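Hi,

Here is the model I promised to pass on.

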Amino acid sequence: MDTQTATELHKDWHPADVIAALRKRHTSLRQLALQNDYSHIQRVLTSPWLAAEQIVAKALGMKPEQIWPS
């Protein structure tokens with residue numbers, strides 16, 4: 001039985017969850033930034049930033065809207 005509510009299904013991931021998911025894939029926001037010619041991309045955790053969202057989502061094998069539906 002799925003216990004998630006409709007609100008939870010459309011909620012952005014918590015920043016700590018994004019960081020943890022990247023760590024599980026043996027990478028980090030810092031590494032992704034450097035690989036993509038950015039000095040940093042941490043702002044993606046708190047503000048919309050399409051380019052960085054796409055970088056993070058690709059690293060996680062997902063689409064940006066799965067992580068940041070809002």
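This is a predicted model: local features need pLDDT of at least 70, side-chain atom pairs count only at pLDDT 80 or more; totals for chains, interfaces and linings use all residues.

Trp49 counts as buried because its relative accessibility is 17%, with buried meaning under 20% relative accessible area, exposed over 50% and partly exposed in between (1.4 Å probe, protein chains only). Residues are numbered from 1 along each chain as its sequence is written, and side-chain values use heavy atoms, with hydrogens and water left out.

Back to the tryptophan. The structure holds 1 aromatic pair, and Trp49 forms it with Tyr38: edge-to-face, 5.4 Å centre to centre, with 90 degrees between the planes. (Rings of Phe, Tyr and Trp, the last by its six-membered ring, pair if their centres lie within 6.5 Å; planes under 30 degrees apart are stacked, over 60 edge-to-face, the rest tilted.) Both residues lie in the loop between helix H3 (29-35) and helix H4 (50-59), so the pair ties together parts that are 11 residues apart in sequence. Helices here are DSSP runs of H or I with at least four residues, numbered from the N terminus. Tyr38, at 28% relative accessibility, counts as partly exposed. Arg43 also lies over the face of Trp49, at 4.3 Å from the ring centre; the criterion is CZ of Arg or NZ of Lys within 6 Å of the centre and within 35 degrees of the ring normal.

Now the core. A nonpolar core is a set of buried Ala, Val, Leu, Ile, Met, Phe, Trp, Tyr and Cys residues joined through side-chain atoms within 4.5 Å. The largest one has 17 residues, and Val18, Leu22, Leu29, Ile41, Val44 and Val56 touch the most other members. Helix H2 (15-24), H3 and H4 each supply at least two residues, and H4 gives the most, with 4. Leaving aside neighbours within four places in sequence, Val44 is in contact (heavy atoms within 4.5 Å) with Leu29, Trp49, Ala52, Glu53, Val56 and Trp68.

Not counting residues up to four places away in sequence, Arg30 touches Ser39 and Gln42. Its C-alpha is separated by 7.1 Å from that of Ile41, 11 residues apart along the chain.

Cheers
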